[in-house]
Amino acid sequence: MLAPRPGRTGNAPRPTKILSKTALFKAWKASRDSTAKPGRPGIDNETAQKFGAKLDNNLSNIVRQLGEGRYGFSKLRVVFIPKQDSDKERVICVPTVRDRLVQRAIVEYVTSRSIFPINNNSSFGFIKGLGPQKAIKRALELRAKYDWCLKTDIQSFFDRIPRRPLKAQVDKALRGNSLRPLITKAIDCEIRGNSDDKEKLRKQGLVAGLGIGRECRCHRFSRTSRFRSSIRK
């Protein structure tokens with residue numbers, strides 16, 4: 001198992017209450033990794049089954065590292081998946097099991113307190129109380145109301161988000177919250193790969209120091225596929 005990079009936070013407040021052992025356990029039980037169909041391992045090759053087999057000890061280690069200001073996110077494991085009917089590949093970047101557990105616990109905290117609220121009638125993904133079924137219901141309501149539908153997408157949106165202004169917005173929203181250093185580290189998380197991987201990433205326009213959210217793609221695209229299938233029926 002690879003230990004996360006230290007990345008000490010100096011005298012910054014530590015999120016020991018927010019990311020307590022109880023909060024991490026709750027996040028684990030709500031995660032895909034605790035099910036019979038867990039996510040892939042990250043660069044440390046630690047599977048969810050192996051992590052779960054020593055769950056209590058692993059959670060204690062994470063809490064201790066957080067309390068000492070030593071917890072840092074490992075680099076992302078890159079996986080290339082061929083696109084259907086295309087010579088291009090989809091890039092999936094996978095965090096370690098422990099990293100995505102910590103990130104899930106952070107998300108649970110900030111969304112439960114509306115620290116980063118998303119309030120509109122068109123956003124359904126990854127919002128508590130919403131999800132694919134409510135998105136389908138809303139899409140069917142609009143389909144019955146209007147004659148035309150315009151489908152749009154912003155190409156490589158998450159790969160082009162500049163990090164400095166994003167982190168400035170995080171600082172503004174959190175206002176000294178002890179989670180700020182950890183979220184900053186998550187934003188700055190990079191991909192680890194060999195020379196061939198880096199060349200593939202370069203051809204796809206993925207640049208170190210730019211963009212976020214690549215580790216979410218595997219979940220986002222699978223949900224999108226189910227959504228489109230339901231709408232066509």
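Guide: Two strands are said to pair when DSSP finds at least two bridges between them. With that in mind we can look at this predicted model, in which Arg77 stands opposite Val94 in E2, while in E3 the bridge partner of Arg77 is Arg192.

Visitor: What makes E1 and E2 a pair of strands?

Guide: Strand E1, residues 76–82, and strand E2 are joined over six bridges in the antiparallel sense, and since pairing asks for at least two bridges, they count as paired. Besides the place where Arg77 faces Val94, there is another where Pro82 stands opposite Glu89 in E2. The hairpin of E1 and E2 has six residues between the strands, and in it Asp85 takes a positive phi near 55°.

Visitor: How do you know that E1 and E3 pair as well?

Guide: Two bridges join E1 to E3, which run parallel, and because the requirement is at least two, this pair also qualifies.

Visitor: Why is Asp33 called buried?

Guide: The relative accessible area of Asp33 is 9%, and because buried means under 20%, Asp33 falls in that class. Its place is in the loop between helix H1 (21–29) and helix H2 (48–53). Leaving aside neighbours within four places in sequence, the residues in contact with Asp33 are Trp28, Pro38, Gly39, Ala48, Val97 and Arg100.

Visitor: Is Gly39 itself counted as buried or exposed?

Guide: Gly39, which lies in the loop between H1 and H2, has a relative accessibility of 17% and counts as buried, because the cut-off is under 20%. Not counting residues up to four places away in sequence, Gly39 touches Arg32, Asp33 and Arg100. Gly39 and Arg100 are 61 residues apart along the chain, and their C-alpha atoms are separated by 9.9 Å.

Visitor: Why is Arg180 given the class that it has?

Guide: Arg180, found in helix H7, has a relative accessible area of 29% and is partly exposed, because buried requires under 20% and exposed requires over 50%. Leaving aside its neighbours within four places in sequence, Arg180 is in contact with Asp171 and Leu174.

Visitor: How do you know on which side of H3 the buried residues lie?

Guide: In H3 the buried residues are Leu55, Asn58, Leu59, Asn61, Ile62, Gln65 and Leu66. They cover an arc of only 160° around the axis, which puts them on the same side of H3. An α-helix has 3.6 residues a turn, so residues three or four places apart point the same way. Among the elements that cover the buried residues of H3 are H1, H2, helix H4 (97–112) and helix H7 (180–187).

Visitor: What span does H3 have, and what span is expected?

Guide: Helix H3, residues 55–67, has 13 residues and reaches 18 Å from its first C-alpha to its last, close to the 18 Å expected at 1.5 Å a residue. Just after H3, Gly69 takes a positive phi of about 70°.

Visitor: Which elements make up the whole protein?

Guide: The secondary structure comes to nine helices and three strands, which follow the pattern α-α-α-β-β-α-α-α-α-β-α-α along the sequence. Of the 233 residues, 36% count as buried. Among the contacts with a separation of 6 or more, 76% are between residues 24 or more positions apart.

Methods
Residues numbered from 1 in each chain as written. Predicted model: local features only at pLDDT ≥ 70, side-chain atom pairs only at ≥ 80, totals over all residues. Heavy atoms only, no water. Helix = DSSP H or I, 4+ residues; strand = E, 2+ residues; numbered from the N terminus. Buried < 20%, exposed > 50% of the residue type's maximum accessible area, 1.4 Å probe, protein only. Contact = heavy atoms within 4.5 Å. Expected span 1.5 Å × (residues − 1). Arc of directions from axis to C-beta.
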